[in-house]
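Open the model in your viewer and keep the selection tool at hand.

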Amino acid sequence: MCGIVGYVGPRQCVDLIVGGLRKLEYRGYDSAGVAVVGPSGLAVKRAKGKLQNLVTILRDGPLPGCTGIGHTRWATHGRPSDENAHPHSYGGVAVVHNGIIENHLDLKAALTGRGHRFTSETDTEIFAHLIADALGDGAKDLHAAVRAALQQVQGTYAIAVVSEKRPGEIVAAKNASPLVVGYGEGESFLASDVPAILEHTRQVSYLEEGELAVLTAEGITVFGRNDEPITRPPRRIEWSAVAAEKDGHKHFMHKEIFEQPRAVADTIRGRASLEQGDVTLDGVELPEDYARSLERIVIVACGTSWHAGLSGRQMIEALARVPVEVELASEFRNRDPLVNERVLCLAISQSGETADTLAAVKIARARGAKAYAICNVVGSAIPRECDGGTLFTRAGPEIGVASTKAFTTQLAGLYLLAVKLGRLRGALSADKAREHLEALRHVPSWMEQMIRQEAALMPIAKRCAAARDVLFLGRGAQFPVALEGALKLKEISYIHAEGYAAGEMKHGPIALIDEDLPVVVLATREPAYEKTLGNIEEVRARGGHVFAVVSEGDTHAASLAEVALPVPPAPPLLAPLVSIIPLQFLAYHVADLKGTDVDQPRNLAKSVTVE
């Protein structure tokens with residue numbers, strides 16, 4: 001997501017920091033800034049937009065100094081603007097931060113009550129206030145002040161802090177967001193990702209959960225969660241700069257498949273309350289009387305987001321008991337849709353710029369519907385058009401054209417929305433909502449379990465790479481997964497693939513089955529499970545090759561397939577977040593075996609901003 005770079009040593013730091021931020025531009029960002037401790041104290045410069053905007057400001061007003069931190073921001077709290085750009089400063093302290101402070105509203109209220117005044121909409125600014133307060137209250141050094149601030153914070157963070165009271169020092173800390181320190185001769189480096197500092201050092205150490213590091217020109221000291229010193233020898237990075245951007249993965253898509261557990265956990269974090277059995281949808285206005293008055297919900301989306309919407313329909317109808325229609329935005333906009341003020345229009349888009357989806361939202365609003373969005377990019381066009389608000393997923397930038405983590409974070413967002421609507425409409429008790437949210441909390445660990453099974457996909461990938469066509473079958477909650485699996489395969493391998501509802505097999509697709517056709521069947525234990533097993537038998541009887549995704553421990557379904565991939569026992573509504581991962585890996589490895597351009601497949605664009 002956001003990029004962090006820090007330097008302390010004998011060199012003037014601004015050019016070095018900006019150069020490091022350039023190496024992180026591939027991650028995506030909406031603003032940038034630097035903070036330098038120099039001869040005149042602490043100075044901060046920030047700019048909305050591209051890094052070149054910051055470079056122009058720094059050229060007109062240079063910042064001398066040998067200790068500094070820099071940041072490129074991907075908005076999560078607060079729109080993209082100069083004021084919301086990092087670093088944030090207060091009382092001679094400057095902070096850059098990746099992550100999410102879950103209790104930022106409570107902390108901000110307490111600080112405001114003590115006379116603090118905030119200049120941004122971000123959660124990050126709170127760190128600067130807490131640390132400055134700790135120094136003012138007698139903390140013995142910046143290390144102690146940062147530790148005191150962290151004890152008040154709930155959430156995720158990778159932070160870097162400088163203070164004009166401690167020139168020649170950077171304090172960094174990590175919890176669930178990546179942070180790496182680099183060792184030089186008489187200088188020290190800090191970054192959120194290795195490419196930023198690879199030009200200057202290949203001796204690095206990745207901070208572990210709960211660790212804090214103090215960087216000076218003389219060296220780096222790392223402390224554990226309980227402030228105990230940690231001795232860890234640095235490791236040498238042998239990757240090229242390009243490989244380092246991918247964190248050692250061959251392609252961005254592969255890296256982004258691996259990032260899904262973190263992305264889904266971030267999307268859930270701070271929104272699902274097990275204690276209350278409820279959901280907080282930050283940035284969304286959803287009054288109870290409006291939720292109860294709804295006649296139906298219309299989801300508009302394109303491509304992968306449309307598949308997410310199909311899964312979302314099942315979630316919302318099951319948990320909130322309100323009818324849901326899922327429309328291809330390109331079709332919705334080109335007819336005279338029947339929507340009114342008792343219809344909620346929900347747009348789903350990774351980029352927030354999809355032309356057909358944006359047009360569909362405008363049409364729905366013109367007919368009286370209230371519009372909401374699930375989106376990954378703060379400040380994009382679709383959220384600006386939605387008068388009801390937007391639930392932002394926290395996938396971070398997705399570089400590969402074929403969507404992976406955007407899809408699963410959309411599913412997580414839809415599940416949160418379904419639970420919230422269920423509570424507002426009286427369809428879910430607090431206890432029932434708690435059960436659903438407890439299951440959602442387990443999804444990231446289930447996803448990690450699936451990622452560890454990647455190697456088991458290779459026999460299937462080799463068989464599919466030699467095929468002309470591939471058929472994907474699924475029922476119920478797994479039908480949208482079949483559609484998405486087929487889309488992923490055709491997008492990046494250029495093999496013709498079709499996803500079908502398994503119950504529709506006899507209505508046409510069965511004619512395609514022969515000894516040359518691989519058939520991927522999602523056969524997890526769900527309603528109509530036995531009927532899906534019947535489909536497998538029908539494929540086998542016609543010589544088709546069956547590859548199945550089955551529930552963990554289901555030896556019967558596994559025995560019917562040439563290769564079976566077990567998935568953890570997720571509840572049916574959450575199963576798509578887990579079962580899609582092997583299909584993403586399948587598409588990836590087939591494309592890699594065929595030698596296609598995985599990250600930038602032919603004829604496709606990441607964001608379709610024209611009709």
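Predicted model: local features only at pLDDT ≥ 70, side-chain atom pairs only at ≥ 80, totals over all residues.

We will visit a few of them.

Select Arg-269 and Asp-266. They form a salt bridge, with the closest N and O atoms 2.4 Å apart. Is Asp-266 buried or exposed? Asp-266 counts as buried, because its relative accessibility is 7%, and the cut-off for buried is under 20%.

Next, select Asp-282 and Arg-394. This pair is also a salt bridge, and its closest N and O atoms are 3.6 Å apart. Asp-282 sits in the loop between β17 (278–279) and α9 (288–293), while Arg-394 sits in the loop between β22 (389–392) and α14 (405–424), so the pair ties together parts that are 112 residues apart in sequence. Asp-282 is partly exposed at 29% relative accessibility. Arg-394 is buried, at 5%.

Now go to helix α9 and pick Arg-292 and Glu-288. Their side chains meet in a salt bridge at 3.1 Å, N to O. The two residues are four apart in the helix, so about one helical turn separates them. Arg-292 is partly exposed, with a relative accessible area of 45%. Glu-288 is partly exposed too, with 43%. Then select Glu-102, Arg-262, Asp-266 and Arg-269 together: salt bridges that share partners join these four into one network.

Move on to helix α16, residues 458–465. Which of its residues are buried? They are Ile-460, Ala-461, Cys-464 and Ala-465. Look down the helix axis: these buried residues fall within an arc of 130°, so they line one face of α16. Show the neighbours as well. The buried residues pack against strands β23 (469–474), β25 (518–523), β26 (545–551) and β27 (563–567), and against helix α20 (575–594).

The next stops concern the backbone. Most residues other than glycine have a negative phi, and most peptide bonds are trans. Here are some exceptions.

- Select His-86 and Pro-87. The peptide bond between them is cis, with omega near 0°. Pro-87 is in the loop between β4 (67–73) and β5 (88–90).
- Select Asp-227. Its phi is positive, about 70°, although Asp-227 is not a glycine. This residue lies in the loop between β13 (219–223) and β14 (229–230), and is partly exposed at 33% relative accessible area.
- Select Arg-321. Its phi is also positive, about 55°, and Arg-321 is not a glycine. Look for it in the loop between α10 (303–320) and β19 (324–328). Arg-321 is exposed, at 60% relative accessibility.

Finally, colour the chain by domain: domain 1 (3–238), domain 2 (246–448) and domain 3 (454–594). Zoom in on domains 2 and 3, whose C-alpha centres lie 25 Å apart. Their contact takes 31 residues from domain 2 and 25 residues from domain 3. Between them they bury about 2,400 Å², 74% of it on carbon and sulfur atoms. On the domain 2 side, select His-307, Gln-314 and Trp-446. These lose the most area to domain 3, together 23% of what that side buries.

How many salt bridges are there between domain 2 and domain 3? The count is one. Ten residue pairs are in polar contact between these domains. On the domain 2 side, α7 (252–258), α8 (260–268), α10, α14 and α15 (430–451) each supply at least two of the residues that touch domain 3. End on α10: the largest share of that side, ten residues, comes from this helix.

Technical notes: Residues numbered from 1 in each chain as written. Heavy atoms only, no water. Buried < 20%, exposed > 50% of the residue type's maximum accessible area, 1.4 Å probe, protein only. Arc of directions from axis to C-beta. Contact = heavy atoms within 4.5 Å. Domains from an automatic or database assignment. Buried area = accessible area lost by both parts, 1.4 Å probe. Polar contact = N/O pair within 3.5 Å; in protein donor to acceptor, adjacent residues only side chain to side chain.
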